[in-house]
Amino acid sequence: MSWVKKIISSYKEGEKLPSEALVDFFKRAKENKFNSFITLNDRVFDEAEILDRKVKEGKIEGKLFGIPVSVKDNILVKNLRVTCASKILENYIAPYDATVIERIKKEGALIIGKTNLDEFAMGSSNEYSYFGPAYNPYDTERVPGGSSGGSAISVANSEAVLSLGSDTGGSVRLPASFCNVYGLKPTYGAVSRYGLIAFASSLDQIGPFSKYIEDLEIIFDVIKGKDERDNTSVKYPDLKVEIKYPLKIGVLKDSFSDKVEDEIKEKLDEFILVLEKEGIAKFSEFEMESFEYAIAVYYIVACAEASSNLARYDGVRYGFKKGGESLLSMYEETRTLGFGEEVKRRILTGTFVLKSGYYEEYYLKAQKARTKILKEFMKNFEKFDLLLSPVSPTLPFKIGEKINDPVTMYLSDIFTVPVNLAGLPAIAFPYSFSKNNLPIGFQFIGKFFDEYLFFSILKKIENLFNLG
Amino acid sequence: MSEFDVKIGVEIHVQLKTKSKMFCSCKVDLKSEPNRNICPICTGQPGTLPTPNEKAVEYAVIVSRALNSKIPDFLYFSRKNYFYPDLPKGYQITQYGISTGYNGSVPVIKDKEVIYFPIERVNLEEETAKSIYVDGKVFLDYNRCGIPLLEIVTPPVFDFPDILISFLKSLRRTLIYLGVSDCNMEEGEFRVDTNISVNLKGATLDSRVEIKNLNSFSAIKESLEYEIRRQKEAILNNAVVTRETRLWDEVKKETRAMRKKEFVEDYRYFPEPDLPPFEVKKEWLTKELPLLPDYYFRELIKKGADSKEAEIIISSPFLADFTLKVLEKFSFQKVKGWILTEILQYVDDLESLRELPFSFTDFILFLENLEKGLIPRHIGQEIIRISMTEKVNISDLIKDKVEIKSASEVDKVVEEVIRENASVVEKIRAGKVSAISFLIGQTMSKLKGKANPKEVKEIIEKKLNIK
């Protein structure tokens, strides 16, 4: 089932106009029950009216024609402010469109607003936002996951049909899983990063959220592909692979370790059984030696790059500025007051690991470990078509529960960060609920450019379990 | 008298004259109003990414080749992190750990010899914004920000300011010949930072002093001479020479401490994650290089120029090429006066000479006419003067000036002149033969120069029956 196609066909059938379809989405977005939005697009109805005219002229063209899309507030949409959920960019108006925004606009998407996140996408709970935490729609005392919490909520609560987020260490997949929606972290380089405010350049990827797998494929088709403005982007290969079921799927052994909550393990067992029974896949376990180092490696690489990427917020040209008695005092006051605690923690960590004399010990070593992690993944792909694990070792946790314990917070990403370090694609998909009605999701990890394999198997699974 | 070791090294920054900037498509144009050639990329707006300018990379490779450097198969960029208002991203994209060129050399002409001085590395990087200080305020012009910049570094191998100046002039000339930069020093297109340490012979103490803000060869020379003197005196007085950066004060003719270097600055270099490593293209490595100054120098010497003359001619790549083409038809002895004296007296800035009002074929025609005696020497000088000052092609002037009057016309005028200057004629007849030149001058002037003065003289002599 595709919500996107359903809406577009309602335009074609003359049942609705884009501006009419928009009303309910916008109403919920404006109500902002779970604090998922930082900024709404006040001009979205003007934009919808242009599409209304096209409908009347019979010119319904574009894969996302009249589809309300929300965008994480670290992706630039021209003339809308882009805050990164930080005081330092509180009043910064985007001077250009990110490449992904150009691409979805060209296909007729209606950008409904900018969604909440952990400041500069640094966090796993969406609690580190200058605009306040976002709340899990399934239990408002709990976190929606981060950092793209607002994007996941906006889709879960039908404030938008689709959303674009970013995933550096799990920031699309974790909130997708906590909010019961799909979230894709594409192959590194498959989607242009131009116009995504950098957190860790070698790990960041823009990824979409949706309620239905077919819709994820539709928006991925639109945003993927080489962009001359991003040198790390690549031409998406034109592969037509025939998929033979049952697929061989490896289950990460750590999925069943005592760090993972029992309810998640039980559901994973159940999922495996059903898929085997249905002849969709055959499962066996695999181990990753480098798995236990992934978090440490991740925080070295991500913080090092962040410390450099965030140097431009200095009060000289734009954004929040304070002080100015001397140049040094301007830098100090602007950055001390402009950044939140978690961001400062990571900048300092990154500054430390890049220090002369420490570089080889930390950053260089971490880069070598990345190669090792990728090699281990690739070795497993000699045996398996896909790899499977939970997205998070825990169910959505309570707001405030981990905020004073950064290391425990970082462990929320234990299953997601190895994927970013290797540059591989992975997808979080909703599966079931805990006894307390909290969402439980899993992730598939694929080889480079396996996105369409994800879409294919998940369409089968979605039908089978009536998910989404 | 104590003996000293003087070690001087230099770091040269050269702005490349590409059409667009290093990592965005903004125009390179420093003559525009401030902050006209800027975009989200070169002002470091959030979300932007760099895209390397291939032409700049090609230039860097070509310079490395011309400087006889080793060039790696693959290159990558790194980030140099530091805070300064002229640096919009908080880091400069540069090369670190790998350079476009390694272990190169620059030929320096000394008398008739060519000596090679080493180049440690050639790095490609991006220029910073320009800070403009007005009434205690700092204004920033980002037109300059992101212009491709070459950093050329030498080891501390110079022991004398003079030899360093010769080196810099040779290097600069090479870059101009390559066409990668105009190297205008006043405009900051060729900037030099020197570092100098003076020690008692045999001592190992390294008290390197850097001197910045040097935008002319005389400033480089004077500041180094000052600094050598200052450091020698300090050592003789048992004072400590501090490791620091000093500025050259052009007015007071002295160096002044800018900031102490108590610790080595930590730039936290790491490979630029936004730009993957890339291959050095074969075509950059195989493309024929333009002929370089030392080639022209050798050719001119071969043709009979002395080193001083050759050096003057090669200071303009245009003139060097022009002269060698003329020398295919004429000997150096025959043309040197015309080029070095007659033409160059009208050229103010030889280094930026890029054209003459005539082509080398026009000039060859001119020389042929001179040789045949069709153009008298002084008319030739006049032709060059008018051509150079009024920007007229000499071919047109030759037609105009050298339409020689017929013998009967000259005859008529000579008779007029003799009639009008009876007293002079008398003097000549009385034996003051030298006064004949006055009559020649009068005749030439009446003929507006369009006669051969030799012939005029003969006619006068005949008429006056002298000789």
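**View 1. Strand 11 of chain B pairs with strand 12 (residues 244-249) of chain B in the parallel sense, over 4 bridges.** Strands here are DSSP runs of E with at least two residues, helices are runs of H or I with at least four residues, and both are numbered from the N terminus. Two strands count as paired if DSSP finds at least two bridges between them. Look for B:Glu210, whose bridge partner in strand 12 of chain B is B:Thr245. Strand 11 (residues 209-214) also runs antiparallel to strand 10 (residues 190-200) of chain B, again with 4 bridges. There, B:Asn195 has B:Glu210 of strand 11 as its bridge partner.

A note before the other views: this is a predicted model, in which local features need pLDDT of at least 70, side-chain atom pairs count only at pLDDT 80 or more, and totals for chains, interfaces and linings use all residues. Residues are numbered from 1 along each chain as its sequence is written, chains are lettered from A and ligands numbered from 1 in the order in which they are written, and side-chain values use heavy atoms, with hydrogens and water left out. The model scores ipTM 0.96 and pTM 0.90. Chain B averages a pLDDT (the predictor's confidence in each residue, from 0 to 100) of 90, and 96% of its residues score at least 70.

**View 2. Helix 2 (residues 161-178) and helix 3 (residues 217-236) of chain B cross at roughly 155°, with axes that come within 10 Å.** This angle makes helix 2 of chain B roughly antiparallel to helix 3 of chain B; angles over 145 degrees count as roughly antiparallel, under 35 as roughly parallel, 65 to 115 as roughly perpendicular and the rest as oblique. Axes are lines fitted to C-alpha atoms, for helices over the stretch in contact, and angles run from 0 to 180 degrees between N-to-C directions. By class, the contact has 8 nonpolar, no polar and 5 charged residues. Ala, Val, Leu, Ile, Met, Phe, Trp, Tyr, Cys and Pro count as nonpolar, Asp, Glu, Lys and Arg as charged, and the others, Gly among them, as polar.

**View 3. Helix 4 (residues 99-106) and helix 7 (residues 213-223) of chain A cross at roughly 115°, with axes that come within 8 Å.** Helix 4 of chain A passes helix 7 of chain A in a right-handed crossing. Find A:Val100, A:Arg103 and A:Ile104 in helix 4, which meet A:Ile219, A:Val222 and A:Ile223 in helix 7 of chain A. These residues divide into 5 nonpolar, no polar and 1 charged.

**View 4. A helix of chain A lies across a sheet of chain B.** The open sheet has 3 strands in the order 4-3-14, with antiparallel pairing. Strand 4 (91-94) and strand 14 (270-271) of chain B stand at the edges, each with a single partner strand, so one side of each is left without a neighbour in the sheet. Strand 3 (residues 78-81) and strand 4 of chain B pair over 4 bridges, and B:Asn81 has B:Tyr91 as its bridge partner. Helix 9 (residues 294-309) of chain A runs at about 60° to strand 3 of chain B.

**View 5. In chain A, 11 strands form an open sheet with mixed pairing, in the order 1-3-2-4-6-5-10-11-9-7-8.** Strand 1 (37-40) and strand 8 (281-286) of chain A are at the edges, each with a single partner strand, so one side of each has no neighbour in the sheet. The twist averages 30° from one strand to the next. Helix 2 (residues 18-31) of chain A lies across strand 1, strand 2 (68-72) and strand 3 (110-115), at about 10° to strand 3 of chain A.

View 6. Most residues other than glycine have a negative phi, and most peptide bonds are trans. A cis peptide bond joins A:Gly146 and A:Ser147, with omega about 10°. The bond from A:Tyr245 to A:Pro246 is also cis, with omega near 0°. B:Asn68, not a glycine, has a positive phi of about 55°.

Note on methods. Contact = heavy atoms within 4.5 Å. Left-handed = near helix turned anticlockwise from the far one by under 90°.
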